[in-house]
Amino acid sequence: MRSDSGGGAPCEGMMSAIPNQQVPARYDIRIGGHLDQHWSAWFDGLVVTPEADGTTELSGFVADQAALHGVLTRIRDLGLVLISVQAVESGGP
């Protein structure tokens, strides 16, 4: 029995990796609420910047996708609201 609703392959329409994405990559992650700078170490050294609009930006280089998922898991575990995750074009760390 097929689990997809379309006529294509089961994974058709799934996102694919960007072949030229640099590792490590720079990310800007926005969360709801304010965090202090002391959280930087817990978020793998990302820069913690509280914004005037009541959000916090976590920014910096992430070693790989596993490390990115680790940061996102920490955000979830703290019960924070994830607003956005943006990969930023960069020439390197």
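How many aromatic pairs does the chain hold? The count comes to three, where rings of Phe, Tyr and Trp (its six-membered ring) pair if their centres lie within 6.5 Å. Planes under 30 degrees apart count as stacked, over 60 as edge-to-face and the rest as tilted.

The model is predicted: local features need pLDDT of at least 70, side-chain atom pairs count only at pLDDT 80 or more, and totals for chains, interfaces and linings use all residues. Residues are numbered from 1 along each chain as its sequence is written, and side-chain values use heavy atoms, with hydrogens and water left out.

Start with the fold. The chain has one helix and four strands, in the order β-β-β-α-β. These are DSSP runs, numbered from the N terminus (helices H or I, at least four residues; strands E, at least two).

Now the rings. Trp-39 and Phe-43 make a tilted pair, with 6.5 Å centre to centre and 45 degrees between the planes. Trp-42 and Phe-43 are edge-to-face, because their planes stand at 80 degrees, with centres 5.5 Å apart. Trp-39, Trp-42 and Phe-43 form one aromatic cluster.

Their exposure comes next. Buried means under 20% relative accessible area, exposed over 50%, partly exposed in between (1.4 Å probe, protein chains only). Phe-43 is at 0%, so it counts as buried. Trp-39, at 23%, is partly exposed. Trp-42, at 37%, is partly exposed. Of the chain's 93 residues, 23% count as buried.

Arg-74 lies over its face, 5.8 Å from the ring centre. The criterion is NZ of Lys or CZ of Arg within 6 Å of the ring centre and within 35 degrees of the ring normal.
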